[in-house]
Amino acid sequence: MAGEFGTRFMDRMVVSHFADGWSDARIVPSDSISLHPGAHVLHYASTCFEGLKAFRQVDGSVAIFRMDKNVARFAQSSQLLYLPDIDQEQTSRMISDIVTEFRDQIPDTPASMYIRPTHIGTEAAIGKAAAPSATSMQYVLLSPVADYFAGGEACLRLLLDEKGVRCGPDHGMVKGGGNYASALKHIMRARAEVKADQVLFCPGGDVQETGAANFILVDGNQIITKALDESFLHGVTRDSLLTLARDNGMDVQERELTVEELIERAAKPGCEAGLTGTAAVLAAVGTLIHGGREYKVGSGEAGPRIRAMREELNAIQWGKSADTHGWLTHL
């Protein structure tokens with residue numbers, strides 16, 4: 001699995017088209033799709049996607065992690081973009097069928113098979129800048145990926161940005177290409193100017209999320225993270241980690257977190273912070289950059305609680321611990 005994350009793909013994918021209704025799904029070569037140059041997605045960003053994983057279990061079987069939650073969010077993104085409503089049962093079957101097709105090529109843990117359902121507006125209509133696409137296509141790509149931490153455990157540098165926004169404040173719940181594109185200029189600037197790995201968007205001092213992950217602060221027995229609203233993505237990994245934290249008796253606080261409070265708490269010995277997402281599960285944050293200054297989070301190194309939380313969730317994903325919440329779809 002040489003190469004960067006998500007750059008190798010299985011040679012077939014599953015696809016379905018919407019016109020008056022959804023067509024039957026077909027497994028086709030994954031190296032190309034046919035689109036009119038005037039397709040709505042190419043001009044007006046009518047596109048959304050999901051990211052989930054299938055894991056080889058300790059007994060050799062295969063399971064997909066939290067497929068129902070990801071498919072529900074996929075449907076929500078489609079609705080918020082006014083794409084045709086997906087058939088969630090059909091989408092779930094498409095995911096299961098293509099993963100089953102390649103089940104023998106799913107790598108052993110800690111590697112996995114990354115699953116990318118995608119929904120795009122296909123109507124050839126460049127006059128529809130203020131109207132949705134009447135037709136669309138959904139497809140599911142598979143990409144075998146290595147362990148995110150194979151090169152050593154991450155300890156990230158975040159620039160706290162109080163002026164920039166990742167996307168429109170009422171559009172953050174959409175997992176769509178436009179939201180990632182609008183964050184890119186801030187991320188590239190932060191990398192060039194202060195060697196940050198990511199930007200933690202904090203408009204008006206309100207700590208939200210980075211360009212591609214949710215943010216949590218771990219202070220003693222407390223986990224603090226922004227309460228769900230429409231301004232940021234409702235991460236499935238975030239939800240999973242918070243659920244396990246509550247199971248373990250931790251004080252999970254979903255509330256407003258200001259930049260001032262974050263910097264003050266981060267300086268405390270033993271404080272930890274992390275970014276949650278499908279790729280890394282939970283990556284440690286070691287440094288916060290704000291106002292031209294750098295602030296260590298705790299010791300500035302990856303800490304034991306972030307590591308333990310990640311390992312607990314991995315153990316469920318890999319079939320090493322009991323799946324008490326019914327998160328795994330076994331194939």
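**Terms at work**

Mentor: Start in the sheet: D161 stands opposite F201 in β9. The chain runs from β8 through α4 to β9, a right-handed β-α-β crossover. Keep in mind that this is a predicted model.

Trainee: What makes that crossover right-handed?

Mentor: The test is to point the strands away from you and follow the path from the first strand over the helix to the second; clockwise counts as right-handed. Here the path goes from β8 over α4 to β9, and the crossover comes out right-handed.

Trainee: How do you know that β8 and β9 pair?

Mentor: Pairing takes at least two bridges between two strands. β8 and β9 (residues 198-201) have four, in the parallel sense, so by that cut-off they pair.

Trainee: And which sense does the pairing of β8 with β14 have?

Mentor: Parallel again: β8 and β14 (residues 281-290) share five bridges. In that pairing, L159 stands opposite I289 in β14.

Trainee: Why is β8 called largely enclosed?

Mentor: A residue is buried when its relative accessible area is under 20%. In β8 (residues 155-161), five of the seven residues are buried, so the rest of the structure largely encloses the strand.

Trainee: What makes a residue part of the lining?

Mentor: An atom within 4 Å of a grid point does it. By that rule the largest pocket has 36 lining residues, with Y180, Q198, A212, A213 and A279 nearest its centre.

Trainee: How do the lining residues of the largest pocket divide into nonpolar, polar and charged?

Mentor: There are 17 nonpolar, 11 polar and eight charged. Watch the bookkeeping: Tyr counts as nonpolar, and Gly as polar.

Trainee: What about the second largest pocket: which residues lie nearest its centre?

Mentor: P110, D147, F149, N314 and W318, out of 18 lining residues. That lining divides into 10 nonpolar, three polar and five charged. Its largest share, five residues, comes from α7, while β4 (52-56) and α7 (304-317) each supply at least two.

Terms used
Residues numbered from 1 in each chain as written. Predicted model: local features only at pLDDT ≥ 70, side-chain atom pairs only at ≥ 80, totals over all residues. Heavy atoms only, no water. 1 Å grid on protein atoms, 1.4 Å probe; cavity = no way out; pocket = protein on both sides within 12 Å on 5 of 7 lines; lining within 4 Å. Buried < 20%, exposed > 50% of the residue type's maximum accessible area, 1.4 Å probe, protein only.
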